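Me: Hi! I'm new to this one, could you walk me through it?

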Amino acid sequence: MKRLFNMLMLLVITGCISVLGQSAFLSDPAISSDGSKIVFVYESDLWMADRTGGTAHRITAMTGEESVPRFSPDGKWLAFSSTQNGNADVYIMPVEGGSLMQLTWHDGNDLPDSWSWDSKTVYFTSDRFNTFGAYTVAATGGTPVRLFSDN
């Protein structure tokens, strides 16, 4: 199964490179839960393409560098990190397009890892407090919660 997934990712990435019409370094690929869309990083922005090929479309054009895209299980949202304000913060946006929402505001670097099964919570890793830790934050915003404490 893992080999099949890796082969699929290679084919999709190869298709995206040819869609861009030039040699490109693509990174951080993510496939939607239904397998219909792929998002990847190219030139520090996020791009989306259909799994079957076609034209890749830029979906972010922020001044920072976007990375680590993660689709929500329901396929409606995309979480990612951006260095828009100097450090990596977690943002979400609707997959079909719309406004971005910043979920974290800490000086540490916050990188999304995954979503809860119901697509209501984003799990992320952060180097807050001089150590890496796992956190959650509601997709509607709010104060992040550390999952494990040292106490």
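Reply: Happy to, and here is a short tour by question and answer.

Me: Before we start, what kind of model is this?

Reply: This is a predicted model.

Me: Thanks. What does the secondary structure of the chain come to?

Reply: There is one helix, along with 12 strands. Reading along the sequence, you get the pattern α-β-β-β-β-β-β-β-β-β-β-β-β.

Me: And what share of the residues count as buried?

Reply: The chain has 151 residues, and 40% of them count as buried. As for the surface, the chain exposes about 8,600 Å², with carbon and sulfur atoms supplying 55% of it.

Me: How much of the contacts comes from residues 24 or more positions apart?

Reply: Taking the contacts with a separation of 6 or more, 25% are between residues 24 or more positions apart.

Me: Let's talk sheets. What is the order of the strands in the open sheet of four?

Reply: The order is β5-β6-β7-β8, and the pairing is antiparallel. The edge strands are β5 (66-71) and β8 (101-102), each of which pairs on one side only.

Me: What holds strands of a sheet together in general?

Reply: Strands of a sheet pair through backbone hydrogen bonds, and they can do this parallel or antiparallel.

Me: Back to this sheet, then. How many bridges join β6 to β7?

Reply: Six bridges join them, with β6 covering residues 77-82 and β7 residues 89-94.

Me: New topic: how many aromatic pairs does the structure hold?

Reply: It holds three aromatic pairs. One of them is Y42 with W47: the ring centres are 5.7 Å apart and the planes are at 70°, so this pair is edge-to-face.

Me: Are those two buried or exposed?

Reply: Y42 is buried, at a relative accessible area of 7%. W47 is buried too, and its relative accessible area is 11%.

Me: And how are F124 and Y135 arranged?

Reply: F124 and Y135 form a stacked aromatic pair, at 5.4 Å centre to centre with 15° between the planes. F124 belongs to strand β10 (residues 121-126) and Y135 to strand β11 (residues 133-138), so the pair ties together parts that are 11 residues apart in sequence. Both F124 and Y135 are buried.

Me: What lies over the face of Y135?

Reply: That is R128, which sits at 5.1 Å from the ring centre. R128 also has a salt bridge with D110, where the N to O distance is 3.0 Å.

Me: How many salt bridges does the count come to?

Reply: The count comes to three salt bridges. Besides R128 with D110, there is a network of salt bridges that links E43, D45 and R58.

Me: Nice, which residues does R58 meet there, and at what distances?

Reply: R58 forms a salt bridge with E43, whose closest N and O atoms are 3.7 Å apart. R58 is in strand β4 (residues 57-58) and E43 is in the loop between β2 (37-42) and β3 (45-50), so to speak distant parts of the chain, 15 residues apart. The side chain of R58 also meets that of D45 in a salt bridge, at 3.1 Å from N to O. D45 is in strand β3, and 13 residues separate D45 from R58.

Me: Last one: where is Y123 found, and what does Y123 touch?

Reply: Y123 is in strand β10. Leaving out residues up to four places away in sequence, Y123 touches P112, D113, S114, W115, S116, Y135, T136 and L147. Y123 counts as partly exposed, at 29% relative accessibility.

Me: How far is Y123 from A134?

Reply: Their C-alpha atoms are 7.2 Å apart in space, and the two residues are 11 apart in sequence.

Technical notes:
Residues numbered from 1 in each chain as written. Predicted model: local features only at pLDDT ≥ 70, side-chain atom pairs only at ≥ 80, totals over all residues. Heavy atoms only, no water. Phe/Tyr/Trp six-rings, centres within 6.5 Å; stacked < 30°, edge-to-face > 60°. Buried < 20%, exposed > 50% of the residue type's maximum accessible area, 1.4 Å probe, protein only. Helix = DSSP H or I, 4+ residues; strand = E, 2+ residues; numbered from the N terminus. Lys NZ or Arg CZ within 6 Å of the ring centre and 35° of its normal. Salt bridge = Lys/Arg side-chain N within 4 Å of Asp/Glu carboxyl O. Contact = heavy atoms within 4.5 Å. Areas by Shrake-Rupley, 256 points an atom, 1.4 Å probe, with all protein chains shown as cover. Pairing = 2+ DSSP bridges.
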